[in-house]
Amino acid sequence: MSDRGELAREAFAALNRRDVEAFVAAFAPEGEWWPLRSSTEGPYRGHDAIRAYFDDTAEMFERLHAHLEEVHEHRDVMLAFGRLEARGRESGAPIELTMAWVFRFVGDQVVWAKSFADRDEAIAESGLDPAA
């Protein structure tokens with residue numbers, strides 16, 4: 001795995017342990033994070049906004065955990081597949097989704113990352129062929 005792949009894995013580990021600063025450090029100063037809900041709300045752009053994502057998420061979920069199960073990389077793009085587990089803060093309802101994520105890098109920083117509920121959309125966005 002490349003250094004970039006390791007960076008993305010470390011970012012997910014930081015997300016899972018709610019280590020805001022370690023997650024933010026993976027992103028370029030104007031990097032964009034597109035969690036699933038950003039399809040209606042727009043991305044979290046820049047370090048301060050990405051920090052706010054953690055506050056927003058804590059209001060909605062008492063637990064959020066991403067599991068990376070398969071990772072594909074080529075040049076400055078990483079495509080990952082896995083699961084997202086969450087528990088609603090108010091309802092206590094468990095949520096488990098099959099997920100995909102696409103990361104774009106410049107140098108050793110994430111400049112753009114997006115979550116997808118649809119595997120094919122993530123593949124199309126990444127331009128990678130996971131079957132290759």
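Begin by selecting helix H1, residues 3-16, and display what covers its buried residues (buried: under 20% relative accessible area, 1.4 Å probe, protein chains only): the cover includes helices H2 (20-25) and H4 (47-60), together with strands S3 (61-74), S4 (77-88), S5 (94-106) and S6 (109-116). Helices (H or I, at least four residues) and strands (E, at least two) are DSSP runs numbered from the N terminus. The model is predicted; local features need pLDDT of at least 70 and side-chain atom pairs pLDDT 80 or more, while totals for chains, interfaces and linings use all residues. Residues are numbered from 1 along each chain, and side-chain values use heavy atoms, without hydrogens or water.

Within H1, highlight the buried residues Gly5, Leu7, Ala8, Ala11, Phe12, Ala14 and Leu15.

Of its 29 residues, Phe23, Phe27, Trp33, Trp101, Phe103 and Val110 touch the most other members. H1 supplies the largest share of this core, six residues. Another core, of eleven residues, lies apart from it and includes Trp34, Leu79, Phe81 and Ala100.

Now centre on Trp33. Neighbours within four places in sequence aside, its contacts (heavy atoms within 4.5 Å) are Phe23, Phe27, Pro43, Tyr44, Ile50, Tyr53, Trp101, Ala113 and Ser115.

Technical notes: Expected span 1.5 Å × (residues − 1). Buried < 20%, exposed > 50% of the residue type's maximum accessible area, 1.4 Å probe, protein only. Core = buried A, V, L, I, M, F, W, Y, C linked by side-chain atoms within 4.5 Å.
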